[in-house]
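Open the structure in your viewer and keep the selection tool at hand. We will go from one stop to the next.

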Amino acid sequence: CVYEEEFSFHRGFYWSPEGSKIAFYRFDESEVKEFDLTYYSNLYPDLYTFKYPKAGEKNSTVEVQVYNLDQSKSIKVDVGSEQDQYIPRIKWTQSDDELCIMRMNRLQNELEFLIANFEDVKENEVEPTRCYYEKSDTYIEINDNLIFLKDKKHFLWNSEKDGWNHIYLYDLDGNEVAQLTKGKWEVVSFYGTSQKRNEVYFSAAIDNSISEEIYALDYSKFLKKGNKAALANDSRKQLKELTPNGKTNTAVFSDTFEYFINFASSAAEPEIITLRSHSGEVIRTIEDNALLAERVSKLDLSPKEFGVLENRTGVDLNYWMIKPPDFDTGKQYPLIFMIYGGPGSNEVTDEWEGATYLWHQMLAQDGYIIVCVDPRGTKRKGRDFKHSTYLQLGKHETEDFIDAAKHFGKMQYIDSERIGMMGWSYGGYMSSLCMTK
């Protein structure tokens, strides 16, 4: 359950680059307790019983094995004697004989990369060697951004270890060769690398924390032997911005990273979708959404106003506000918070939200002021802001929403007696907590 939901994968087998071996997980759930779930699907409800490890209870024990097709046998990887741990990812390097295993403690604040070598295996078990170690006072994010380079000497990985999410280059002995991105800003999405051009591609919130741009970075100079040149305090001068349009951008790259599809929008402008070369040159417009933009322009919509408010501890929180189209400072309006606030999420972004945006506009036209706030625990503002909710989910976020309600409730045009909140999933949890607190 933890692996599929929290580590975000549902396939537990992986072919080696040349297809001579297949690595796979083996889960032993025999010690995991069972949970009965009631399905109210008919007059007489059904019971569905399944293995479910609740917090603090026994998890599955996990093995990693590799089946060698040439030898028709499985080889077990020794992942240590500790049973209460996680193996959140396994990934082949550029070799059919080298498998990387990520290993974490159950508290998820220690991460290791182990390399298992199958080149000359005489036993049925292989003991791997460690090539990377990271420890955090809070927790470590797991993702799919581990990339082994074709020189078979280096790998790329992203980490929050310096206080912000950035990309690093390591050698296979575990030495940090270079921190490729650096500064008080966040890498938001790590897209991958063209090893033909030695370029890494990613999006980042550099100009501000509510928008996102696509960048390329040439890391070739760091691959030269002995070159461990340190970056300055901020690496943005070494980046090439591929989407200098002042909008929020996301991308889908081709497998070879020769091209990418760019999705660019703002809060008031629908997405413009273009096909671009790896250098950012627009090859053609796939969809300009001109018809939609024209129709939206006739709907008497109110602008989404972005701002920052200060919570009780002096921390700045991003927000947006939509006022009624006939807004009058001499009147008082009811206020509705649209909230989510889950860890590592963002709702306050300068991008097109489609039907959700139009629904908020409809509420504004009915006389409500609509507000959304990103509390502590959300991303794009550094590790400390994001990890401040560690071991106390709900506490700081609730405080921030209460502070925000007090902030807006003091405004002359907002009726402090008519402030409501609504949200879904984590936002429902937040709404309930704010009501009770």
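This is a predicted model: local features need pLDDT of at least 70, side-chain atom pairs count only at pLDDT 80 or more; totals for chains, interfaces and linings use all residues.

Residues are numbered from 1 along each chain as its sequence is written, and side-chain values use heavy atoms, with hydrogens and water left out.

**Stop 1: a sheet**

Select residues 61-68 and 73-77, which are strands β5 and β6. Strands here are DSSP runs of E with at least two residues, and helices are runs of H or I with at least four, numbered from the N terminus. The two strands pair in the antiparallel sense over five bridges; pairing requires that DSSP finds at least two bridges between the strands. Pick Val66 to find its bridge partner in β6, Ile75. Now widen the view: the open sheet has five strands in the order β1-β2-β5-β6-β10, with mixed pairing. Its edge strands, β1 (13-15) and β10 (125-126), each pair on one side only.

**Stop 2: the largest pocket**

Next, select Glu6, Phe7, Gln108, Tyr139 and Leu393, the closest to the centre of the largest pocket among its 29 lining residues. A pocket is an open set of points on a 1 Å grid over the protein atoms alone, where a 1.4 Å probe fits, with protein on both sides within 12 Å along at least five of seven lines; lining residues have an atom within 4 Å of a point. The space here is about 1,100 Å³, a volume being what is filled by probe spheres set on the points, joined across faces, edges and corners.

**Stop 3: the second largest pocket**

This pocket holds about 550 Å³ of space. Select Glu141, Asn143, Asn158, Asn165 and Lys386, the closest to its centre of 26 lining residues. Then colour β16, which gives the most to this lining, with five residues.

**Stop 4: salt bridges**

Finally, show the side chains of Glu399 and Arg376, which meet in a salt bridge (3.3 Å, N to O). The term means a side-chain nitrogen of Lys or Arg within 4 Å of a carboxyl oxygen of Asp or Glu. Glu399 lies in helix α5 (residues 395-409) and Arg376 in the loop between β27 (369-373) and α4, so the pair ties together parts 23 residues apart in sequence.

End at Lys196, Arg197, Glu199 and Glu258, which a network of salt bridges links.
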